[in-house]
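Visitor: Hi! Could you walk me through this one with me?
Guide: Happy to; let's bring it up.

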Amino acid sequence: MEGTHRVVSGGGRRIHLVEQGVGPLVLLVHGFPESWYSWRHQLPVLAAAGYRAVAIDVRGYGRSGGPADPDAYRMAELVEDNAFVVRALGEETAVVVGHDWGSVIAANSALLRPDVFRAVGLLSVPYAPRGGPRPSDVFAGMGGQEFYVSYFQEAGRAEAEIEPDVRGWLAGFYAAFSGDTMPGPGAPDPHFVGEGGTLRERFPAGRLPGWLGERDLDVYAGEFERTGLTGALNRYRNMDRDWEDLAAYDGAAITQPSLFAGGGLDASTTWLADAVAAYPVTLPGLVSSHLLDGCGHWIQQERPDEINELLVGWLDALPAV
């Protein structure tokens with residue numbers, strides 16, 4: 001069974017999605033720099049397991065709307081996009097599962113809209129409650145070099161690096177954070193930009209990760225060649241705004257049933273190990289937490305069979321709708 005492409009729109013929102021299956025709604029939210037396509041291995045399996053699986057293009061990506069105003073990419077707007085999709089599909093509640101930035105969006109969807117999102121699955125990026133110093137101040141002080149998040153926050157700068165060769169840049173970015181192609185311990189860290197340099201000069205060259213075929217790369221590159229990267233990068237450019245907007249949720253726990261899975265080689269899980277250790281307090285509804293040995297950042301594409309098994313087992317154990 002093939003997925004069905006749809007666009008749902010209203011109230012200034014336009015979200016492209018791909019859906020497959022019938023049953024309780026499971027909303028799948030991708031990260032950077034991806035699209036609905038990152039869930040291609042999950043859609044048919046979730047559908048076969050009795051779920052209505054829906055993968056969206058986050059605003060600014062693919063065939064979803066991409067407002068010009070950078071403020072339109074703040075977290076509160078992305079949460080409302082998710083709630084809008086649930087309503088537009090004729091549902092009242094959903095399980096939300098996210099990867100990378102999608103994990104952060106999914107967590108905040110559960111936090112801000114518990115009336116809509118009854119459970120939350122987080123892949124690669126752990127839940128860390130809002131708190132501490134302003135994000136830009138934290139990133140500015142990391143490692144004595146310029147952190148990629150700071151690099152992405154300056155309007156137009158990353159676009160100037162990426163957009164002349166979107167396909168080549170994406171290939172390198174995916175390889176840099178994949179378990180089978182990431183640079184070794186002695187190599188320059190691709191999370192940082194050398195003085196006067198680019199991210200790309202630290203990417204591995206000439207080899208695609210095992211999970212990424214030429215056709216897969218064509219799909220991703222084709223979308224970003226058409227849309228550009230600004231909509232996707234605007235997520236990074238709103239982190240300080242999110243910190244201000246979400247002040248009322250400082251230190252807040254997510255109480256719905258939850259699942260976490262990360263890659264054992266992924267800096268998102270190793271750098272945020274304290275956030276995972278805090279789950280008894282911050283995710284009191286956590287059902288299970290998993291680290292996949294030898295896996296990098298692109299977890300549901302690097303290890304689709306394992307992630308599918310974890311997701312279906314977790315979903316099947318949730319209270320009935």
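Below we chat about a pair of helices and then some aromatic pairs.

Guide: Just so you know, this is a predicted model.

Visitor: Good to know. At what angle do α7 and α8 pack?

Guide: Helix α7 (residues 166-176) and helix α8 (residues 214-227) pack at about 125°, and their axes are 9 Å apart. That angle makes α7 oblique to α8.

Visitor: And is the crossing of α7 and α8 left-handed or right-handed?

Guide: The crossing is right-handed.

Visitor: Which residues meet there?

Guide: From α7 you have Val166, Arg167, Leu170, Ala171 and Tyr174, and they meet Glu214, Leu217, Asp218, Tyr220, Ala221, Phe224 and Glu225 of α8. By class, this contact has 8 nonpolar and 4 charged residues, with no polar ones.

Visitor: Switching topic: how many aromatic pairs are there?

Guide: The count comes to 26 aromatic pairs. One of them is Phe32 with Phe173, an edge-to-face pair at 5.8 Å centre to centre with 85° between the planes.

Visitor: Where do Phe32 and Phe173 sit in the chain?

Guide: Phe32 is in the loop between β3 (25-29) and α1 (43-48), while Phe173 is in helix α7, 141 residues apart. Both Phe32 and Phe173 are buried.

Visitor: What about Phe147 and Trp271, what kind of pair do they form?

Guide: Phe147 and Trp271 form a tilted pair, 5.7 Å centre to centre with 50° between the planes. Phe147 lies in strand β7 (residues 146-147), and Trp271 in the loop between α11 (267-270) and α12 (273-277).

Visitor: Why does Trp271 count as partly exposed?

Guide: Because its relative accessibility is 42%. Phe147, with a relative accessible area of 5%, is buried.

Technical notes. Residues numbered from 1 in each chain as written. Predicted model: local features only at pLDDT ≥ 70, side-chain atom pairs only at ≥ 80, totals over all residues. Heavy atoms only, no water. Axes fitted to C-alpha atoms, helices over the stretch in contact; angles between N-to-C directions. Helix = DSSP H or I, 4+ residues; strand = E, 2+ residues; numbered from the N terminus. Parallel < 35°, antiparallel > 145°, perpendicular 65-115°, else oblique. Left-handed = near helix turned anticlockwise from the far one by under 90°. Contact = heavy atoms within 4.5 Å. Nonpolar A, V, L, I, M, F, W, Y, C, P; charged D, E, K, R; others polar. Phe/Tyr/Trp six-rings, centres within 6.5 Å; stacked < 30°, edge-to-face > 60°. Buried < 20%, exposed > 50% of the residue type's maximum accessible area, 1.4 Å probe, protein only.
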